[in-house]
Amino acid sequence: MREYRRYLQLYPREVLDFSNSRHYAWYNMACICAKLNRKQEALTYLERAFLEDYTDFAWLELDRDLDNIRKLPAYRELVQRYKSRLIPGEAPGK
């Protein structure tokens, strides 16, 4: 977690231009928190990953690191909100 936070401090989004890899740092922090049963913190970091253009929804549903939060209503709502912004016609609940 410390190294991901350091990376995010050293490389603001504006510096990375089109090759933004910050979303991976946020995503990995979400995974770490989910594994540590820090569910709300995991959801917060996952949302930050989405805000920084994380879009690998297929992997999101397979990643075992997120098993601890995947069944939470807040997780499903969060994923659906960002998924529907990227996939036209994606209805809530899919």
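Contact here means heavy atoms within 4.5 Å. By that criterion, Met-29 touches Met-1, Tyr-4, Arg-5, Leu-8 and Tyr-45, leaving aside residues up to four places away in sequence. The model is predicted. Met-29 is found in helix 3. With a relative accessible area of 1%, Met-29 is buried. Its C-alpha atom is separated by 8.0 Å from that of Leu-46, a residue 17 positions apart from Met-29 along the chain.

The overall fold is helical. The chain has six helices and zero strands. Read along the sequence, the pattern is α-α-α-α-α-α. The chain holds 94 residues, and buried residues make up 36% of them. Contacts were also sorted by sequence separation. Among those between residues at least 6 apart in sequence, 55% join residues at least 24 apart.

Two helix pairs were examined, both involving helix 3. Two packed helices are described by the angle between their axes and the distance between the axes. Helix 1 spans residues 2-10 and helix 3 spans residues 22-35. These two pack at an angle of about 155°, and their axes are 10 Å apart. Angles over 145 degrees count as roughly antiparallel. Helix 1 and helix 3 are therefore roughly antiparallel to each other. The crossing of helix 1 past helix 3 is left-handed. On the helix 1 side, the contact is made by Tyr-4, Arg-5, Tyr-7 and Leu-8. Helix 3 contributes Arg-22, Ala-25, Trp-26, Asn-28, Met-29 and Ile-32. By class, the residues of this contact divide into seven nonpolar, one polar and two charged.

The second pair joins helix 3 to helix 4, which covers residues 39-51. The packing angle is about 165°, and the axes lie 8 Å apart. That angle makes helix 3 roughly antiparallel to helix 4. Helix 3 passes helix 4 in a left-handed crossing.

Beyond residues up to four places away in sequence, Glu-47 touches Leu-78, Arg-81 and Tyr-82. Glu-47 and Trp-26 are 21 residues apart in sequence. Their C-alpha atoms are 8.4 Å apart in space.

The cysteines were then checked for bonding. A disulfide is a covalent bond between the sulfur atoms of two cysteines. The cut-off applied is a pair of cysteine sulfur atoms within 2.5 Å. By this rule the count comes to zero disulfides. Cys-31 is in no disulfide, and the nearest cysteine sulfur, that of Cys-33, is 9.6 Å away. Viewed from Cys-33, the closest cysteine sulfur is in Cys-31, and the 9.6 Å separation is too far for a bond. Cys-31 is buried, with a relative accessible area of 4%. Cys-33 is buried as well, and its relative accessible area is 0%.

Backbone torsions were considered last. Most residues other than glycine have a negative phi, and most peptide bonds are trans. Asn-37 has a phi near 65°, a positive value in a residue other than glycine. Asn-37 lies in the loop between helix 3 and helix 4. At 48% relative accessibility, Asn-37 counts as partly exposed. Asp-53 also has a positive phi, with a value near 80°, and is a residue other than glycine. Asp-53 is found in the loop between helix 4 and helix 5, the latter covering residues 57-62. With a relative accessible area of 46%, Asp-53 is partly exposed.

Methods. Residues numbered from 1 in each chain as written. Predicted model: local features only at pLDDT ≥ 70, side-chain atom pairs only at ≥ 80, totals over all residues. Heavy atoms only, no water. Axes fitted to C-alpha atoms, helices over the stretch in contact; angles between N-to-C directions. Helix = DSSP H or I, 4+ residues; strand = E, 2+ residues; numbered from the N terminus. Parallel < 35°, antiparallel > 145°, perpendicular 65-115°, else oblique. Left-handed = near helix turned anticlockwise from the far one by under 90°. Nonpolar A, V, L, I, M, F, W, Y, C, P; charged D, E, K, R; others polar. Buried < 20%, exposed > 50% of the residue type's maximum accessible area, 1.4 Å probe, protein only.
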